[in-house]
Amino acid sequence: MNRKVLLSMLLIGVLMFGVGMGTYAYFTSVATSENNLFETGTLEIGDINTMDQVTIAASSTGIYPGWTSGVKTINVNNNGTLELQYRMSVSQFNDTAIDSLPASMNTLLYDGATPLQVSINGGTPQNINALGVNGFVNLGTIPANQSGTFTIEFSLPTAANNLYKNATGDFDFLFEATQVGNNAYTESGL
């Protein structure tokens, strides 16, 4: 019988403890963090003067073997809110105004045996077609809402022969920009 009484008292104690814990209260408080706005930045490259395109304005007539254009400084503006890295490539543009020329004269300065050469930021002159399809030169970085510069110089090698008389080349320069830290942005180029 002592055993039953002891067991009953233990059971009553456990039940009383459970009832007491059920009515026991804690103070609580809730706070809300409001107005958490996330906004992506912008990335826009442009000419420092026109703010919409990068302009090289490289036109020359009367060039000859050994000719150089002289160094030209190009200003580029980062019109966006993110720091950018940028690069340049070139493609041959087939202008209808020169379509009357033989095809070899339309492409000779681009992909002839001795094509026009380009030097970027004082580097070694490279054939202009090396900046063609998947060939480009990295030009550096520009902080948000600031400008940067690079230099460009064109030349026709002295090895160009009589085939180059009256040759015409028309080129488009393509500038690509991406935010700094974009690991997918390939680093190959000249």
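## Pairing of E3 and E6

Strands E3 and E6 pair in the antiparallel sense over five bridges. Strands, labelled E, are DSSP runs of at least two residues, numbered from the N terminus, and two of them count as paired if DSSP finds at least two bridges between them. Within this pairing, Met88 has Val137 in E6 as its bridge partner.

This is a predicted model, in which local features need pLDDT of at least 70 and side-chain atom pairs count only at pLDDT 80 or more, while totals for chains, interfaces and linings use all residues. Residues are numbered from 1 along each chain as its sequence is written, and side-chain values use heavy atoms, with hydrogens and water left out.

## The three-stranded sheet

E3 and E6 belong to an open sheet of three strands, arranged in the order E6-E3-E8 with antiparallel pairing. The edges are formed by strand E6 (137-142) and E8, each of which pairs on one side only. From one strand to the next, the twist averages 25 degrees; axes are lines fitted to C-alpha atoms, for helices over the stretch in contact, and angles run from 0 to 180 degrees between N-to-C directions.

## The salt bridge

The structure holds one salt bridge, the term denoting a side-chain nitrogen of Lys or Arg within 4 Å of a carboxyl oxygen of Asp or Glu. The side chains involved are those of Arg87 and Glu176, with an N to O distance of 2.7 Å. Because Arg87 lies in strand E3 (residues 84-92) and Glu176 in strand E8 (residues 171-179), the pair ties together parts that are 89 residues apart in sequence.

Accessibility is classed as buried under 20% relative accessible area, exposed over 50%, and partly exposed in between, using a 1.4 Å probe and protein chains only. Arg87 is buried, at a relative accessible area of 11%, whereas Glu176 is partly exposed, at 28%.

## Positive phi values in loops

Most residues other than glycine have a negative phi. Asn121, which is not a glycine, has a positive phi near 50 degrees. Asn121 is located in the loop between strand E4 (117-120) and strand E5 (126-127), and its relative accessibility of 42% makes it partly exposed.

Asn166 is also not a glycine, and its phi is positive, at about 65 degrees. The loop that contains Asn166 runs between strand E7 (147-155) and E8. With a relative accessibility of 65%, Asn166 counts as exposed.

How values were computed:
Helix = DSSP H or I, 4+ residues; strand = E, 2+ residues; numbered from the N terminus.
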